[in-house]
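Have the viewer open and follow along.

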Amino acid sequence: MSQCAKVFVKHIEDENKMKIYFNLAFPDLPERTFTFLRSKEEKLEVTISRMKLKILEAFNKKLNNKKKKKISETVDENNTQISLTLAILKDGEFIDNELRNIDAWTENAQLKINDHVYEIAENPPSVLHLSLPKSIMSGFPVYPKVELEYCFKEQCDFTWYRTISKAEKSTVDINKIVSTKSENWLILSKNYFYITNETDVGCKLKVSCVPKNGEKVGLEEIAVSTSLIQAGPEKCPFEYRHEFTNSITEPGMLRCVSYNILADLYADSETARTELFPYCPVEFLMLDYRRQLYLKEIMGYNADIICLQEVDRKVFYGDLVPVLTSTGLDGIYSEKGGQVVEGLSLFYRTSKFRVVESQAKILSDAVTNEPVLKPIQDKLAENEKLKERFMSRTTAVQAVLLESTDVPQKRILVGNTHLYFRPDRDNIRLLQATSCIMYLEDLLLKYQKENPSYVTSLMLCGDFNSCPENGVYKFITEGYLNEDCIDWQSNPEEIVPGIPLKHSLSIDSACGTPSYTNYTEGFVGCLDYIFYNKAHLEVKDVVPLPHHEQVTKYKALPNKVFPSDHLALVCTLRWK
């Protein structure tokens, strides 16, 4: 008989149904889960009769099969029937079989099956879905897709196993081995995710999840990999960068990452395969492959603030959040406008920060709705084609005010954006960058006015699609831009009289201006930046970018060891 002496009863919302399920076994017969879907109004007598019939059918069939195959000599050939009695008890007494199911299957009752008593647990924590990815490589994190009910991932117990051979079985601690009918499994770890290693290559992987919510414990679910663990690529260049970030920063320090991770929306497309990245083998463009790389990369930076661009909605909720929240981070997602299902995400270390306020703006909406951006709106009105181009863009800016929990009275407003990409649209990017700065500067002044006792600083990260020689970089770092800037002339049909630009912030690029942060066959240049307010923050260190030989080993990015066409920027700032 199962040691999990519980019968689980789930009341299905918006339906007059209840789900009853439990594990049951008999001598010489394996344990199995029985599930019954019954009406809440049905008489208990009818439900018990139906349950008994189904259980007997299942076990008698199994027993007869064992007899025919002569699997067990303990089977009595003259008696292949199982005796079965079922009843509901309350306070030690059998309850009236005329009761409705909804009144019978309650927390203070028990289900008696022969001589065994099962406690009834209503609406228990449950695993609705558990599965492992098709592609699993050694040296990279693997984690299950899990759908839960009446509990959260953080409350559940996860255990990882891999298959072991008979020869290997004799060399490991017997207490770490779990044997099933056909296989031996070695216990590996107890965590939501597991980082595989070389000894796992050629083995199957298994994960179990025991759902919990306080004192309530639900039925264990198990998922087994459908393929064997494969060897990973050679040491990836980002792993050398991890040597600079092998621990979390000390109080008062902020390790920051800005990274365009290349949305699957764009990587898994005919355009990507034939035009953008024709040099990259298709298997290395696939999400199943790339996300193993960039998750390991991001985790290894041990960052306090992470700004990501080109984040697919499915990747944020299905991969980034489940894994990164298990490492002490929490995240916020802001989607682009229109029909695009990718956007920006910001993760922060919960031991160092708390979110005071979070918002996001689509820039084309913001110039209409935000009073501080009225000068931009007025200028757009002077050229209909320029206005149409700007307003049709779905570019967003994310703005999250974080309060330091390890340094009193310190706050930082973190901006995250990804500007328009077309090469001949420097004018649009300049207007977008100006809108971001004006909007963030206005927010900063508001926060400083509301809480003058706090030091509130600013950081703006992202893929600006603009090189250092262009107006975007000059405007942000120098605080002004003359109206004769050539960027205004990037498209003859969209020219407007020069717009003199200025802001009051003291901003610099924490990682300077590398030769490139984007390296493809068609373009090489510095497009990504971590801008910070020099008035309150200073740069402690910058993690070196990969060597040029590493970047070009497979011609360009992305490739076998680089999951994106961009390089991650990583630096550590500290409060002055």
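Two salt bridges are counted between domain 1 and domain 2, a salt bridge being a side-chain nitrogen of Lys or Arg within 4 Å of a carboxyl oxygen of Asp or Glu. Before going on, note that this is a predicted model, where local features need pLDDT of at least 70 and side-chain atom pairs count only at pLDDT 80 or more, while totals for chains, interfaces and linings use all residues. Numbering runs from 1 along each chain as its sequence is written, and side-chain values use heavy atoms, with hydrogens and water left out.

The chain splits into domain 1 (6–65 + 82–122), domain 2 (126–229) and domain 3 (237–575), with bounds from an automatic or database domain assignment. The C-alpha centres of domain 1 and domain 2 sit 30 Å apart. Nine residues of domain 1 touch seven of domain 2, counting heavy atoms within 4.5 Å as contact. Together the two domains bury about 610 Å², 51% of it on carbon and sulfur atoms; that's the accessible area (1.4 Å probe) lost on putting the two parts together, summed over both. On the domain 1 side, Phe8, Lys10 and Tyr21 lose the most area to domain 2, together 58% of what that side buries.

On a 1 Å grid over the protein atoms alone, a cavity is a set of points where a 1.4 Å probe fits but cannot get out, and a pocket is an open set with protein on both sides within 12 Å along at least five of seven lines; lining residues have an atom within 4 Å of a point. Volumes are the space filled by probe spheres set on the points, which are joined across faces, edges and corners.

| Space | Volume |
|---|---|
| Largest pocket | about 1,100 Å³ |
| Largest cavity | about 60 Å³ |
| Second largest cavity | about 50 Å³ |

Of the 38 residues lining the largest pocket, Leu276, Glu310, Phe421, Arg422 and Asn465 come closest to its centre.

By this rule there are two cavities of 30 Å³ or more. Which domains supply the lining of the largest cavity? Domain 2 and domain 3 each give at least three residues. Pro133, Tyr143, Asp288 and Arg291 are among the residues that line the largest cavity. As for the second largest cavity, its lining includes Phe238, Arg241, Glu297 and His566.
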